[in-house]
Amino acid sequence: MQWSDAIGKQHARCADTPRIVSLVPSLTELLVDLGLAEYLVGRTGFCIHPRQIVRRLPKVGGTKGFSIDKLRALAPTHVLVNIDENRREEVDALHAFVPQVIVTHPLTVRDNLALYELLGGIFGGDPQVEARSRALAADFEREWAALCTQTGTLPRQSVLYLIWRQPWLSVARDTYISRMLAAAGWDSLPADSALRYPEVDLPALAREADWLLLASEPYAFRERHLRQLAEQLPGARATLIDGEMVSWYGSRAIRGLAYLRQLRARLASSPRS
């Protein structure tokens, strides 16, 4: 059997002991949850979960600007990359010495199911890996159904999801983040954008938004920023949101769906000030 990655490349099941380098934080976490931690030989500095496992792994740099020399020295059989998170020219350079470069690009929430199947299939020489892949899919479907059930009972709302300040940046509706929010019944602003992460007119969009959601990453918004916005935009409702739960796919998406369900329920019961 073979499995197709995000660019249509076919990958056969790994027949030998793999040596895996992950250049994507959420995929590093997923590999560990699939039971493949012993085969991980390298990671980026942003691959921080689960800490007790990844702390022992050599770092090759960031998701962008990683060291080709450090990565080559690890002699990987497989390198995991992502279209959004890694630079194409750097990924292209890997083909000269990496037998299998696996390209991922989840765009919708349910793309996580294909991701579980892809990695569970390629590294499923151990039946337990495939079993974990199926278990993750079942857990995902359970949380997806619970969130959809709740979403159907609540009115849709407009939200401004902020990922940066000075300038203020948000997310377009064709991003994974926006589609996670949409699953919870939140339509992200701006409604139309030619850029995936556009600079926004905060006061103008705040007037349209039911909620301002201040993400914990890539900019680490804190309580002091909520206080500043309360002074700057009286009447606007704002809250902090765990960016990892919304932007990390893989196994984290399962917890992300549960997190969004709980957050949406909490905010639905919050009165306007």
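This is a predicted model: local features need pLDDT of at least 70, side-chain atom pairs count only at pLDDT 80 or more; totals for chains, interfaces and linings use all residues.

Let's start with helix α5: nine of its twelve residues are buried, so the rest of the structure largely encloses it. The buried ones in α5 are N112, L113, L115, Y116, L118, L119, G120, G121 and I122. As for length, α5 runs 17 Å from its first C-alpha to its last, close to the 16 Å expected at 1.5 Å a residue.

Now, the core. What is the size of the largest nonpolar core, counted in residues? It has 51 residues, and those with the most contacts inside it are F123, Y161, L181, W186, L213 and I241. Our α5 is one of the elements that each supply at least two residues of this core. Others on that list include helix α1 (25-33), helix α6 (127-151), strand β7 (157-162) and helix α11 (252-268). There's also a second, separate core of 16 residues, and L189, L205, L214 and L233 are among them.

Let me zoom in on F123. Leaving out residues up to four places away in sequence, F123 touches C14, P18, I20, L31, L36, H78, I102 and V129.

Is C14 buried or exposed? C14 counts as buried, because its relative accessibility is 16% and the cut-off for buried is under 20%. C148 comes in at 33%, so C148 counts as partly exposed.

Last stop is S22, which sits in strand β3, residues 20-22. With a relative accessibility of 0%, S22 counts as buried. What does the side chain of S22 reach at 3.0 Å? That would be the backbone oxygen of V24. The side chain of S22 also makes a polar contact of 2.7 Å with the side chain of T28. And if you skip residues up to four places away in sequence, the residues S22 touches include L27, T28, L31, L40, R43 and L80.

Conventions:
Residues are numbered from 1 along each chain as its sequence is written. Side-chain values use heavy atoms; hydrogens and water are left out. A nonpolar core is a set of buried Ala, Val, Leu, Ile, Met, Phe, Trp, Tyr and Cys residues joined through side-chain atoms within 4.5 Å. Buried means under 20% relative accessible area, exposed over 50%, partly exposed in between (1.4 Å probe, protein chains only). Helices (H or I, at least four residues) and strands (E, at least two) are DSSP runs, numbered from the N terminus. Contact means heavy atoms within 4.5 Å. A polar contact is a pair of N or O atoms within 3.5 Å; within protein, one must be able to donate a hydrogen and the other to accept it, and residues adjacent in sequence count only if both atoms are side-chain atoms. The expected span of a helix is 1.5 Å times one less than its number of residues.
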